[in-house]
Amino acid sequence: MPQHTRPRPICSHCDGFPTVTITTGQTTPDGQRKTITAHCPACRGTGHTTTPARFHTRIGA
C-alpha cells in the first residue's frame, strides 16, 4: 500500500508564488527588456513554509 505524504502549508507571505520577474525599465542593445528575479524572503523561493503549522497544546492537568 503506498504511503502518502502530507502537503506542506503554502507560504502566507507570497501565497505560493515565491519567485517573480520584475522589469527594470531599461533595454538591452538588441531591444529586449532587462529583468531581475526576486524570491520571497520568508520561504526562500520554495512557496511552502519550512516548519509545519503550530499545534495547540493544553497545559495543565
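I looked up D15 and found it in the segment before β1 (strands are DSSP runs of E of at least two residues, helices runs of H or I of at least four, numbered from the N terminus). The model is predicted: local features need pLDDT of at least 70, side-chain atom pairs count only at pLDDT 80 or more, and totals for chains, interfaces and linings use all residues. Residues are numbered from 1 along each chain as its sequence is written, and side-chain values use heavy atoms, without hydrogens and water.

I checked phi at D15: about 55 degrees, positive, although D15 is not a glycine. Most residues other than glycine have a negative phi. D15 counts as exposed at 55% relative accessibility (buried is under 20%, exposed over 50%, partly exposed in between, with a 1.4 Å probe and protein chains only).

I then took R44, in the segment after β2 (33–39). Its phi is positive too, near 60 degrees. R44 is exposed, with a relative accessible area of 74%.

Next I noted the nonpolar surface patch. V20, I22 and I36 make it, with about 240 Å² (patch residues have over 30% relative accessible area and no salt bridge; nonpolar side chains are joined within 5 Å, like charges within 9 Å; a salt bridge is a Lys or Arg side-chain nitrogen within 4 Å of an Asp or Glu carboxyl oxygen). I22 lies in strand β1, residues 19–27, and is partly exposed at 41%.

Last, I recorded chain totals. I count zero helices and two strands. Buried residues are 10% of the 61 in the chain. The accessible surface is about 6,000 Å², 55% of it from carbon and sulfur atoms (Shrake-Rupley method, 1.4 Å probe; for residues, only the protein chains shown count as cover).
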